[in-house]
Amino acid sequence: MKITKINFIMIRTLILIANTGTPDNPAYGARKDIDDYRNFFRSDEGGAWEENEILTFYSTDEEPLTKTFLLGTILECQKNGTEYFLIVFCGHGGATSKGESFFELSPDEICELGTLKAILYPFKYTLIADSCRSIELLKEGGRMPAIHTFSQVVSDSPYRKLCRDCYNRIIAESSSSAYTICYAAALDETAQDLGRTHGGWFSQTLLNTVSQRIPMLRQRVSDKGAFCKYVKLSACVSDIADAMAQKSGNNQHPQCECKGGVDELPFIVCPNWQLQL
């Protein structure tokens, strides 16, 4: 990839949604997962997202997120010029008898995956859903503790600007209407929640893998003299899929769905700043 200048401009929107459930049906880890995703995406290699590009919804009994409000927010972003959406949902979910996944935005308020796909077309987008896809909603669960979190501190450095530039250009050069959807579990499976302090098993495993990938990617860029390398979300999910299946007793299998079966969109970017000097 040949990049000739910094600050390739792209209007993009990151939407983070955490539904922590109800006292009798909690999803305690959803808030922690969303906060950890925010820290990753705010990091340089996570795309260097800025606060003015991020919308965060903590859906509770007192302040529930409705389907109408969410869809209206997406439409408003589209009218305001958003070219790429990154949406992360953590909380309860399920699937209909016909196999259509849905997300519980708040008690008695669901949003079908098909509805999201329809409103996002033909925009480019990535959707990560750490929620169940079983016919019955998840009541509770648990597995291994979280290992890594990303720093909340970001700096306005030339390297950060270059990360944004690489990230935006990769998206711009992907095919029309490219999308990647990541599910924490296969159809008719539950997604394990580790609790209030640990988050969801899938999200924390994914982010831990990302934290291990970044230094290795930096080294590869340096060793090979490459200008920029990036890792797709599907590759990160592939890294953890077998281990999650084994440790869950073959009960949780994360999956990715991509346009034409090909994942084109970046999840981690790592440019070689030395080549800019």
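Rings of Phe, Tyr and Trp (its six-membered ring) count as an aromatic pair if their centres lie within 6.5 Å. Searching the whole of this predicted model with that rule turns up 10 aromatic pairs.

**View 1. Trp49 and Tyr84 form a tilted aromatic pair.** Here the ring centres are 6.4 Å apart, with 35 degrees between the planes. The two partners come from distant parts of the chain, 35 residues apart: Trp49 from the loop between helix H1 (29-42) and strand E4 (54-59), Tyr84 from strand E5 (residues 84-90). Both residues are buried.

**View 2. Trp49 also pairs edge-to-face with Tyr167.** The centres are 6.1 Å apart and the planes make 80 degrees. Tyr167 belongs to helix H4 (residues 158-173), 118 residues from Trp49. Trp49 counts as buried because its relative accessibility is 0%, and Tyr167 is buried with a relative accessible area of 0%.

**View 3. Arg12 sits in strand E1 (residues 12-19) and touches the residues of both pairs, Trp49, Tyr84 and Tyr167.** Arg12 has a relative accessible area of 3%, so this residue is buried. Follow its side chain to the backbone oxygen of Gly47 at 2.6 Å, then look for the polar contact with the side chain of Asn168 at 2.9 Å. Gly81 is 69 residues away in sequence, yet its C-alpha is 8.3 Å from that of Arg12.

**View 4. Two arginines lie over tyrosine faces.** Arg31 is 3.9 Å from the ring centre of Tyr58, and Arg133 is 3.7 Å from that of Tyr183.

**View 5. Tyr37, Phe40, Phe41 and Phe267 make up one aromatic cluster.**

How values were computed:
Residues are numbered from 1 along each chain as its sequence is written. This is a predicted model: local features need pLDDT of at least 70, side-chain atom pairs count only at pLDDT 80 or more; totals for chains, interfaces and linings use all residues. Side-chain values use heavy atoms; hydrogens and water are left out. Helices (H or I, at least four residues) and strands (E, at least two) are DSSP runs, numbered from the N terminus. Buried means under 20% relative accessible area, exposed over 50%, partly exposed in between (1.4 Å probe, protein chains only). Contact means heavy atoms within 4.5 Å. A polar contact is a pair of N or O atoms within 3.5 Å; within protein, one must be able to donate a hydrogen and the other to accept it, and residues adjacent in sequence count only if both atoms are side-chain atoms. Rings of Phe, Tyr and Trp (its six-membered ring) pair if their centres lie within 6.5 Å; planes under 30 degrees apart count as stacked, over 60 as edge-to-face and the rest as tilted. A charge sits over a ring if NZ of Lys or CZ of Arg is within 6 Å of the ring centre and within 35 degrees of the ring normal. Lists of a residue's contacts leave out its neighbours within four places in sequence.
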